[in-house]
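These are my notebook entries on a two-chain model. I record each look-up in the order in which I made it.

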Amino acid sequence: MIFIFRRLLQYIPMILVVIVVTFLLVRLAPGDPTYILVGEVGDESFVRAARERLGLDKPLYTQFLIYISNVFRGDLGYSYLRSESVAKLIIDRIPATLLLVLTSMFISAAVGIIIGTIAAAKRGVTDLTLSILSIIGISIPYFWLGQIMLIVFAVWLGIFPLGGMVSVGHEYQSFLEYFFDVIYHLTLPAITLAVFNIAFITKITRGAVFETMTQDYILTARAKGMPESRVIFRHALRNALIPVVTYLGFNTGVLLIGAILTETIFAWPGMGSLLYDSIRLRDYPVVLGIFIYGSIIVILANLIVDILYGILDPRIRIK
Amino acid sequence: MNNRKVEHTGFFKNVGMQLLNKTSKVFKFNTRFTAGFMILLVVIILAIAAPLITWHPPLKTLVGKPFTPPIALHPFGVDDLGRDIYANVLYGIRTSLIVGFSSTMLALIIGILIGVIAGYYGGILEDILMRITDMALVIPQFLLALVIVAIFGQNFQNIIIAIGIVSWPGIARLIRAEFLSIKERPFIEAARAVGLSNVKIIFEEILPNAIPAVIPYIFLQTNTAILLEAGLGFLGIADPNVPSFGLMLNTAQQYLVRAWWMAFFPGIVLSIIVVGLNLLGDGLIEYLNPRLRKKGKP
């Protein structure tokens with residue numbers, strides 16, 4: 001318990017820092033901060049009302065206190081363009097983004113671990129091919145890969161839809177039909193997002209399996225006459241999983257950014273599409289809101305992995 | 001670590017000698033490094049020669065009929081506004097490399113400053129600086145850079161500064177770690193004993209020995225910076241007066257069904273640059289880490 005409490009103490013200030021950074025950036029920016037906090041639209045009276053509500057005519061520390069208390073109450077301002085509160089706009093989009101991130105995490109872990117283990121077990125030609133493939137997989141930018149996938153599989157071959165989360169104007173007979181339609185739309189974006197991590201996890205798994213194969217207990221297992229496949233999957237792989245889990249957990253931030261870029265290509269209705277539209281419309285309150293929410297999601301993900309880690313491996317708690 | 005020869009001579013002489021020694025050996029033993037180096041060399045030559053090998057000005061509209069597919073006159077095709085994609089891609093390499101290297105320089109300056117203070121002086125200062133670094137590592141770089149450019153204005157300088165500002169924490173950590181280990185060695189004690197000032201010890205004794213470990217990460221950071229710039233451009237955060245891969249892909253997004261070449265060519269060139277930098281960085285890390293070095297001994 002003390003350990004969890006200590007971790008919380010470590011991470012909660014980070015959220016505060018994100019908010020302070022946002023506040024400072026807005027005040028340091030050239031021009032009237034009102035336009036950033038309200039958006040570049042709105043008539044005179046709306047801007048004046050907003051300025052009063054945000055206390056922009058008061059001294060800086062009062063403004064800061066007002067801002068902090070607003071953010072902690074979940075009030076990130078109002079999107080004039082969309083006539084909706086920023087918080088609601090973003091929270092509505094979070095499930096779609098999480099669905100994409102988690103699906104691609106699952107795909108990349110499954111595929112990466114399988115390929116990585118095979119690569120570690122059978123060295124030689126596969127080794128070289130794999131390192132070439134992994135360099136390419138790591139290097140291709142998400143957003144371009146997504147565009148190419150869309151051109152090839154949706155435009156040219158017509159196997160997958162051009163975008164969106166569900167078929168527009170379709171009447172669903174059952175939940176199952178709806179479910180499969182979402183999966184169908186999810187396939188391309190999830191694979192796009194997974195490629196980078198597949199490459200990385202393959203690399204990590206290969207290295208980890210390799211390392212464990214030199215351990216004494218593997219020798220013992222072999223000496224007992226255990227079949228090689230069993231040695232690899234029962235003993236070596238198990239220990240190789242820890243670095244994979246660590247990698248995925250601590251890279252939620254990278255995945256979230258990847259999702260934001262991927263969503264834009266496939267018109268997946270998550271935070272990324274919202275961000276893209278908000279940048280185009282110069283709807284700054286939403287852009288700032290996504291920064292704050294995105295950072296909080298990443299911080300919480302790190303916190304969860306850290307705590308899980310302590311539970312799985314008691315040695316870490318002491319640190 | 002233990003294979004690195006520790007000497008104390010002048011900063012540039014030392015770093016220069018180490019680099020020269022290392023590079024010649026790296027070439028012999030590391031295919032990754034060599035491949036990455038070749039790719040980057042070609043890319044840099046293309047970027048420098050851009051005005052000589054393109055025959056349309058970039059950014060100029062209506063040099064060709066909009067949406068012309070690749071033909072001899074326009075090898076990479078023409079975009080929606082009649083701009084030559086080939087010219088834009090070649091000038092885009094320049095933008096990418098300039099943003100990559102200059103923002104990395106900025107990140108290096110900030111990172112070294114913070115890492116040096118934390119690693120050398122220690123104590124409360126170190127605690128505070130490292131806490132800040134840890135926090136900065138958790139905040140998503142991309143979103144922070146995006147917010148900075150969005151509210152400070154979308155121009156070339158702001159993009160470089162924003163990327164530099166969000167990229168220092170990794171470098172600061174590396175430098176601190178190097179300083180922590182090097183400052184315990186006997187020759188530093190000797191330097192103190194003869195009464196060298198802290199500044200001299202830092203810049204003439206420790207830093208030259210710490211830099212080689214950071215060099216691979218300079219390439220990897222340049223890579224990250226290039227991808228950051230392209231990613232920002234892809235979301236529409238870019239300087240419209242500079243040819244950039246991100247912005248090209250952003251425009252291409254609206255015409256994926258109609259004009260595949262608008263997305264294909266900028267993306268493939270961007271990917272090649274990234275592959276080159278990754279190979280270079282990975283090769284150097286592998287070379288500098290004796291545990292990973294398989295073939296031969298230098």
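**Entry 1. Leu275(A).** I looked up the contacts of Leu275(A), leaving aside its neighbours within four places in sequence, and found Ile260(A), Val287(A), Ile290(A) and Leu235(B). Here two residues are in contact if their C-beta atoms, placed from the backbone, lie within 7 Å. Leu275(A) has its place in helix α12 of chain A; helices (H or I, at least four residues) and strands (E, at least two) are DSSP runs, numbered from the N terminus. I find Leu275(A) buried, with 27 other C-beta atoms within 10 Å. The scale I used calls a residue buried if 20 or more other C-beta atoms lie within 10 Å of its own, exposed if 12 or fewer, and partly exposed in between, with C-beta atoms placed from the backbone. I also noted Ile90(A), which is 185 residues from Leu275(A) in sequence and 9.3 Å from it in space, C-alpha to C-alpha.

**Entry 2. Provenance.** The model is predicted: local features need pLDDT of at least 70, side-chain atom pairs count only at pLDDT 80 or more, and totals for chains, interfaces and linings use all residues. Residues are numbered from 1 along each chain as its sequence is written, while chains are lettered from A and ligands numbered from 1 in the order in which they are written.

**Entry 3. The two chains.** For chain A I recorded 13 helices and 2 strands. The C-alpha trace of chain A spans about 80 × 55 × 40 Å along its principal axes. Chain A has 319 residues, of which 39% count as buried. Of the contacts in chain A with a separation of 6 or more, 72% are between residues 24 or more positions apart. Chain B has 11 helices and 0 strands. I found 46% of the 298 residues of chain B to count as buried. Among contacts in chain B between residues at least 6 apart in sequence, those joining residues at least 24 apart make up 71%.

Entry 4. The classes are nonpolar (Ala, Val, Leu, Ile, Met, Phe, Trp, Tyr, Cys and Pro), charged (Asp, Glu, Lys and Arg) and polar (the others, Gly among them).

**Entry 5. Ala29(A).** I located Ala29(A) in the loop between α1 and α2 (33–38) of chain A. Ala29(A) is partly exposed, with 18 other C-beta atoms within 10 Å. Apart from neighbours within four places in sequence, Ala29(A) is in contact with Ile36(A), Ile151(B) and Phe152(B).

Entry 6. Setting aside neighbours within four places in sequence, I found Leu146(B) in contact with Leu232(B), Leu235(B) and Ile237(B).

**Entry 7. α11(B) and α2(B).** Why is α11(B) largely enclosed by the rest of the structure? It is so because 23 of the 29 residues of α11(B) are buried. The axes of helix α2 (residues 31–48) of chain B and α11(B) come within 7 Å and cross at roughly 145°. Axes are lines fitted to C-alpha atoms, for helices over the stretch in contact, and angles run from 0 to 180 degrees between N-to-C directions. The contact of α2(B) with α11(B) has 14 nonpolar, 3 polar and 3 charged residues.

**Entry 8. Positive phi.** Arg282(A), not a glycine, has a positive phi of about 55°. Arg282(A) lies in the loop between α12 and α13 of chain A, and counts as partly exposed with 15 C-beta neighbours inside 10 Å. Leu59(B), not a glycine, has a positive phi of about 70°. I placed Leu59(B) in the loop between α3 (50–53) and α4 (85–121) of chain B.
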